[in-house]
Amino acid sequence: MKRFAVSVPATSANLGPGFDTIGLALDLRIRADVRVLDAGSEPAWEFSGPEAPTHGGLRDEMLRAMRTLYASVGQTPPPLAIAVENPIPLGRGLGGSAAGAALGLAIAAALRDPEPAIEELTRTITVLEGHPDNGVPAIVGGIVVAVSEGEDVVYARFDAPAELRAQVVVPDFSMPTREARAILPDAYPRRDAVYNVGHAALLAAALASGQVDLLRTAMRDRLHQPFRASFVPGLPEMLALDTPGLLGVALSGAGPSVIALVRPGCDAGEHMQAIFAKHGVASRVLDLAISAGGIVREG
Ligand code: HSE
């Protein structure tokens, strides 16, 4: 009987101006232990861990991804027993749905014959998610700048600067990405578009070259954060925070979590938690390394 384990990381998308384009992998991994069952057996699912889902959303994301990858070669997955251990807060802007999809793709990729190339995985997750900024780093790890070109996704992946860490403050309410996208305008003034082109380019250059002192300016955004601030109490105060070791602050993905990129030992997370508390919102702080790994397979 074939048995193996796979894991994929949480991700933080946008990092301010890189809306739908820039994302990074975080050292917080959802893991699945997989057993291939005899033909005709009933599939079995088990969820555990601090963020075990309370409804079937994560399982559905995984199944959809597995079936999509098999369907592309005209096959269906075998019956499986899958035990998932999840530490990634779901619906909080940490790439929970992309992690579910990436985990499903990782399981199917380990089993499918022929095994898919990485490009098929990055393209498939971009179709499943609708944009590449969480899905691609969940598969390849590190920091990713990605664009959709027709049916393809074209990306650059690089390792994070050595001193970079993330402190993510996770509030005790969730925000469906669909709703957080619906509040955005359909069109923007040219000056705001130009502002974001410049800042996103500076952000990518700062991260790729290790010029982390540029991040404070580079992480400013006019495309989504000003609109999403209406459902994230205290966001403008967090974006303006200044404390030793803090490099830059952004809404994590579509929110409501907020991410600070920091040097080790920074207390930005505590400050952001205090700002949430001042607005009556309970939260917790995750202090995380940037993950160089995307899909990791054991066995
Ligand atoms: N780029 C996406 C957004 C990330 O901001 O809506 C969340 O899926």
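1. In the side chain of Asp-133, an N or O atom lies 2.6 Å from a nitrogen atom of the ligand. A polar contact here is a pair of N or O atoms within 3.5 Å; within protein, one must be able to donate a hydrogen and the other to accept it, and residues adjacent in sequence count only if both atoms are side-chain atoms. Taken alone, the ligand exposes 260 Å², and the protein buries 96% of that (accessible areas by the Shrake-Rupley method with a 1.4 Å probe; for residues, only the protein chains shown count as cover).

2. This is a predicted model: local features need pLDDT of at least 70, side-chain atom pairs count only at pLDDT 80 or more, and totals for chains, interfaces and linings use all residues. Residues are numbered from 1 along each chain as its sequence is written, and side-chain values use heavy atoms, with hydrogens and water left out.

3. A polar side-chain atom of Asn-14 is 2.8 Å from a ligand oxygen, and one of Arg-228 is 2.8 Å from a ligand oxygen. Asn-14 also has a positive phi of about 80°, although it is not a glycine. Asn-14 belongs to strand 1 (residues 3–14); helices (H or I, at least four residues) and strands (E, at least two) are DSSP runs, numbered from the N terminus.

4. The residues around the ligand (a heavy atom within 4 Å) include Phe-19, Asp-20, His-131, Thr-177 and Gly-253. Strand 2 (18–36), helix 4 (132–140) and helix 5 (177–182) each give at least two residues to this shell. Domain 1 (3–159 + 291–298) and domain 2 (165–289) each contribute at least three, with bounds from an automatic or database domain assignment.

5. Two cis peptide bonds deserve a look. One joins Asp-113 and Pro-114, with omega about 5°; Pro-114 is in the loop between helix 2 (96–111) and helix 3 (118–129). Another joins Gly-255 and Pro-256, omega again about 5°, and Pro-256 is in the loop between strand 8 (246–251) and strand 9 (258–262).
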